[in-house]
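Thanks for coming. Please have a look at it first.

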Amino acid sequence: VQRENFDVGAQINALSNNNHSIGGICSFVGLVRDFQHDKNDARRVNALTLEHYPGMTEKKLQEIEDIARQKWELEDVLIIHRFGRMEPGENIVLVVTASPHRKAAFESCEFLMDFLKTQAPFWKLEEDQTGEGQWVDARESDDDALKKWQDR
């Protein structure tokens, strides 16, 4: 959990450096977009501010990672999540999973993102072009995505 931006390529290279047990790496990079949930909404996003609860956030991210490591054979996992004010195009989150096999890398990366979207204690405030801010509510589609992991 950090305020600073990150270099995706450098992070992936550091994770995989000289680990020849890794057969596949899967990554997801979340970016700040310039529109709200509906592209047809007239309001454009000028900035996104993410707030979190220090201590609790890191603990929850570790719990989510631990669950992924129990479910899949993973060589390594990296989760970087930013907080603070960010503008469209900036990185928000990076999730990288490395495994001897691609299926585990793909599934665990998707699992981690589904859990982060619904379980990690972050709060989003979208600022429109007028400077007005609006808190982003949880989305039903994110909850639905998480449900598919309950039977696995």
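Is Glu 63 buried, partly exposed or exposed? Glu 63 is partly exposed, since its relative accessible area is 33%. On this scale buried means under 20% relative accessible area, exposed means over 50%, and partly exposed is in between, with a 1.4 Å probe and protein chains only.

Before going on, the housekeeping. This is a predicted model, where local features need pLDDT of at least 70 and side-chain atom pairs count only at pLDDT 80 or more, while totals for chains, interfaces and linings use all residues. Residues are numbered from 1 along each chain as its sequence is written, and side-chain values use heavy atoms, with hydrogens and water left out.

Back to Glu 63. Its side chain meets that of Lys 60 in a salt bridge, at 3.4 Å from N to O. A salt bridge here is a side-chain nitrogen of Lys or Arg within 4 Å of a carboxyl oxygen of Asp or Glu. As a general point, side chains of opposite charge can pair when their charged atoms come close. Lys 60 and Glu 63 are three residues apart in helix 2, so about one helical turn separates them. Lys 60 is also partly exposed, with a relative accessible area of 25%.

How many salt bridges does the structure hold? It holds twelve. One of them joins Glu 90 to Arg 82, with the closest N and O atoms 3.2 Å apart. Glu 90 is partly exposed at 22% relative accessibility, whereas Arg 82 is buried at 4%. Elsewhere, salt bridges with shared partners link Glu 65, Arg 69 and Asp 76 into one network.

Now the helices. Helices are DSSP runs of H or I with at least four residues, numbered from the N terminus. Helix 2 covers residues 56–71, and helix 3 covers residues 102–119. Their axes come within 10 Å and cross at roughly 150 degrees; axes are lines fitted to C-alpha atoms, for helices over the stretch in contact, and angles run from 0 to 180 degrees between N-to-C directions. Helix 2 and helix 3 are therefore roughly antiparallel to each other, a label for angles over 145 degrees.

Last, Met 56, which lies in helix 2. Met 56 is partly exposed, with a relative accessible area of 41%. That is where I stop.

Methods:
Helix = DSSP H or I, 4+ residues; strand = E, 2+ residues; numbered from the N terminus. Parallel < 35°, antiparallel > 145°, perpendicular 65-115°, else oblique.
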